[in-house]
Amino acid sequence: WAHSNHEMELPLITTCVLAALLSTTSGAISPILIVPGIEASQLYKKDSPCKNLFAICPWKGAWLGAETCFDISSVLKDLTLVYDSATRSFHNQSGLAIKASGFGDTCKVEYLVANPIETSCPLQLPVGEYFHTFVEHFTALGYKRGKTIRSAPYDWRLSPVHLQANGYYSNVKALIQQMYKDGGNKKVTLVAHSMGGPVTLYFLNNVVTQAWKDTYINAFVALSGAWSGGNAAVKAEISGEVLDALSSATVRDICDFPDDIALIFRSASRTFPSTAVLLPKPSVWGNKVLVTTPKRTYTANDYQALFSDMGYPRGFDIYSGVSAINAGFPPPKVPTYCFYGTKVDTPESFVYGYGFPDSSPTQVIKGDGDGVVNLRSAEVCLKWKTRQQQPFGSSAFPGVDHVKMVMDSDVLRAVDRVVLNV
């Protein structure tokens with residue numbers, strides 16, 4: 001495996017041959033655990049404590065759900081976190097519990113749209129495709145949903161540090177060990193997309209030991225890893241960033257979105273430590289100008305001034321509490337394969353007028369990437385080739401955008417090679 005522009009020589013393995021490999025008891029196949037990206041785990045909410053007369057409070061779809069379309073303000077108000085600056089901890093709104101749904105299954109990452117009421121997988125609405133094509137590809141080769149291919153969704157509002165405090169990584173560790181056992185002591189392949197990359201990297205470097213990794217992990221496959229975040233996170237902090245799926249003309253025609261939807265998103269996303277985690281890292285972007293206003297320019301070294309000039313100094317406090325996560329980008333020290341899209345216009349810097357910070361940028365300057373993750377961020381992983389003894393491979397996929405990285409046929413073929421060890 002070597003870094004290339006999608007010129008990796010992959011074997012021409014047909015579905016039939018792959019299926020035959022999987023059916024043999026000696027086939028070196030690996031169970032797959034999917035770790036999704038930001039905003040890509042279904043979140044459900046309920047009253048806590050339950051206020052119902054009969055103490056029956058079902059989990060209701062919070063993100064993405066029907067309510068997102070018709071009352072986005074209420075949805076984002078519910079998702080807004082309460083920040084305790086003394087402990088640098090985050091909490092849900094009073095009287096509300098929120099969780100990621102579908103841990104251990106795949107259906108809640110195959111589709112993004114949550115059911116009105118939390119249900120089991122057979123009743124999942126097939127709306128808003130995400131990992132469905134990926135899962136279908138591997139089930140066609142003999143993988144079994146909920147057994148040899150599973151997922152670990154998480155509360156994507158939180159940073160890896162806060163996920164650890166909430167017990168997420170303990171559950172991931174236990175799930176991997178169970179998959180290893182159920183798979184006949186075959187090592188597990190971690191497939192992470194977008195923010196799932198940094199989330200998984202933190203797990204491998206801060207939660208488990210090297211001996212544990214050597215026992216249980218076959219490989220770490222990062223699809224569009226947001227190692228140094230994505231520069232769109234800067235816009236999310238300043239003037240608000242609306243999820244692409246909600247920005248299309250078709251969705252806007254159906255949904256009753258207010259004119260200030262970006263500012264509503266900003267109000268919520270500023271309270272998510274995950275937004276701060278995804279801000280471009282100074283070590284990667286240096287003195288590259290990320291923001292221009294009529295008064296000055298800002299680089300990744302100027303976040304304190306930027307938040308102050310935005311009138312949101314708390315934002316820098318939140319950023320300071322998570323800026324050391326994955327600092328220096330330590331290698332995962334497992335066999336690692338970085339796949340990422342290129343040649344897609346990707347927001348790189350933002351020019352604001354006198355409406356800063358409450359108006360949209362007057363100009364968005366774009367660079368290389370996959371449309372979401374900038375190339376500089378995606379290629380951070382390349383330094384691991386010389387920083388770990390374990391195998392490392394990478395490949396760029398020109399023209400494959402951020403979401404297509406989990407469903408593109410050439411990407412899937414590259415993952416085939418990892419999990420089948422061929």
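The entries follow in the order in which I looked things up.

**Ground rules.** I am working on a predicted model, where local features need pLDDT of at least 70, side-chain atom pairs count only at pLDDT 80 or more, and totals for chains, interfaces and linings use all residues. I number residues from 1 along each chain as its sequence is written, and side-chain values use heavy atoms, with hydrogens and water left out.

**Helix pair.** I took helices (H or I, at least four residues) and strands (E, at least two) as DSSP runs numbered from the N terminus. I looked up α7 (residues 168-182) and α8 (residues 196-206): their axes come within 11 Å and cross at roughly 80 degrees. That makes α7 roughly perpendicular to α8, a label for angles of 65 to 115 degrees. The axes are lines fitted to C-alpha atoms over the stretch in contact, with angles from 0 to 180 degrees between N-to-C directions.

For contacts I used heavy atoms within 4.5 Å. On the α7 side I found Tyr168, Tyr169, Val172, Lys173 and Ile176, which meet Val199, Tyr202 and Phe203 of α8. By class, this contact has seven nonpolar, no polar and one charged residues. In this scheme Ala, Val, Leu, Ile, Met, Phe, Trp, Tyr, Cys and Pro are nonpolar, Asp, Glu, Lys and Arg are charged, and the others, Gly among them, are polar.

**Cavities.** I counted two cavities of 30 Å³ or more. A cavity is a set of points on a 1 Å grid over the protein atoms alone where a 1.4 Å probe fits but cannot get out, and lining residues have an atom within 4 Å of a point. A volume is the space filled by probe spheres set on the points, which are joined across faces, edges and corners.

The largest cavity has a volume of about 70 Å³. I noted its lining residues, among them Trp227, Lys281 and Phe329; the lining has nine nonpolar, two polar and one charged residues.

The second largest cavity holds about 60 Å³. β1 (32-35), α7 and α8 each supply at least two residues of its lining, which includes Leu33, Tyr169 and Phe203. I sorted this lining into eight nonpolar, one polar and no charged residues.

Is serine 224 buried or exposed? I found it buried, at 1% relative accessibility, where buried means under 20% relative accessible area (1.4 Å probe, protein chains only). Serine 224 sits in the loop between β9 (217-223) and α10 (232-238). Leaving out residues up to four places away in sequence, serine 224 touches residues including His193, Asp370 and His402.

I also checked α13 (residues 261-269), where seven of nine residues are buried, including Arg266.

Note on methods
Parallel < 35°, antiparallel > 145°, perpendicular 65-115°, else oblique. Buried < 20%, exposed > 50% of the residue type's maximum accessible area, 1.4 Å probe, protein only. 1 Å grid on protein atoms, 1.4 Å probe; cavity = no way out; pocket = protein on both sides within 12 Å on 5 of 7 lines; lining within 4 Å.
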